[in-house]
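Dear colleague,

Please find below the structure I am handing over to you. My notes on it follow directly after.

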Amino acid sequence: MTAHAVRIRWTPADMPDVRGLHFVVTGGNSGLGLVSARELARAGAKVTLTSRSASKGEVALAAIGQAIGAELAYANVTVASLDLASLASIQEFAQSLSGSTVDCLINNAGVMAPPLARTADGFELQFGTNHLGHFALTARLWGSLLRSDRPRVVTLASNAHKPGKIDFTNLNAEKSYSAWGAYMQSKLANLLFAFELERRAAARGHVAFSSVAAHPGYSATNLSASVAPGIGGPLRSLTNRIESVIGQSADMGALPQLYAAASIEIPGGAYVGPDGWGEWRGYPRLVTPNPIARSESLGAELWRVSEELTHVSFL
């Protein structure tokens, strides 16, 4: 691990040459995903920006055009519909890229602490979207990734993984539901998946492949604003003021995943987060997850269960 791999104050101006490389960014219509898509396109990468809503994806593309120039944006960014809460949508999207090379998949999209809801396939919404959706998408795009000379998968986690637990007896909230407990579980699952993916790929000789995880710290994006949508008035104003103090912009929050996606020196199995106190905010550096996230036995069991639930197998 080189000194460059742990450097701080990295910005998109430090991005290596990504011209012509193909990045798929889930949830690219807003927040961290939009920033990531914008900066990769600005650097000359080819970006597939996915959104549940095609119209919101087009609005995002227009915003990218305003930021970097319409000609560059429309040359480098393609908008595609993808609902990670639907295995059928994931399969349809992956089939649309079946003949393409994907150099990097950024598993960015997610939901955070909603009331109990379920995906189209009956999974608890957070576990089903944040983890199972990205697990199935990675599996479906595996052939496209292996066409790349240096394929990479970046999976977005959260500081919230640290108190998280995987309850295999209640993954889909059949017994009970805690909005924040389910979110923490899904974010721990993201890390277990990222590290297990790295181990499995290495064991099967895919030496050019790397799986890297990242988290944004506390970023004041539309995701945080969507928590407890019924809260308004003074309490919402207080929340917004707190976010302005301890949170950071989407532009800053996206730096860890951009660094994880673009760095040519970062090792597989790394975890990137902000360099500030408590990893709340700052520039990207390598950080340490809760040790349970690197459990080989837990990672293997989650992989087995994920294959069983999604009916998709790889590696």
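Are Trp142 and Phe209 buried or exposed? Both residues are buried, where buried means under 20% relative accessible area, exposed over 50% and partly exposed in between, with a 1.4 Å probe and protein chains only.

Please note that this is a predicted model, in which local features need pLDDT of at least 70 and side-chain atom pairs count only at pLDDT 80 or more, while totals for chains, interfaces and linings use all residues. Residues are numbered from 1 along each chain as its sequence is written, and side-chain values use heavy atoms, with hydrogens and water left out.

Aromatic pairs

Rings of Phe, Tyr and Trp (its six-membered ring) pair if their centres lie within 6.5 Å; planes under 30 degrees apart count as stacked, over 60 as edge-to-face and the rest as tilted. By this rule there are 10 aromatic pairs. The ring centres of Trp142 and Phe209 are 4.9 Å apart and their planes stand at 70°, so this pair is edge-to-face. The pair links distant parts of the chain, 67 residues apart: Trp142 belongs to helix H6 (residues 142–145), and Phe209 to the loop between H7 and strand E6 (210–214). Helices (H or I, at least four residues) and strands (E, at least two) are DSSP runs, numbered from the N terminus. Ring pairs also join Phe135, Trp142, Phe193, Phe209, Trp303 and Phe314 into a cluster.

Helix H12

Trp303 is also one of the buried residues of H12, which include Leu298, Leu302 and Val305. The buried residues of this helix pack against helix H4 (87–96), helix H5 (125–140) and helix H7 (179–203). The 15 residues of H12 (residues 296–310) should span 21 Å at 1.5 Å a residue, and the end C-alpha atoms are 21 Å apart, which agrees; the expected span is 1.5 Å times one less than the number of residues. Just after H12, His311 takes a positive phi of about 60°.

Two further residues

Thr129 lies in helix H5 and counts as buried because its relative accessibility is 8%. Thr129 touches Leu84, Ala85, Val111, Thr119 and His134, not counting residues up to four places away in sequence; contact means heavy atoms within 4.5 Å.

Leu72, in helix H3 (residues 70–76), is partly exposed, with a relative accessible area of 31%. Leu72 and Ala41 are 31 residues apart in sequence and 7.4 Å apart in space, C-alpha to C-alpha.

With kind regards
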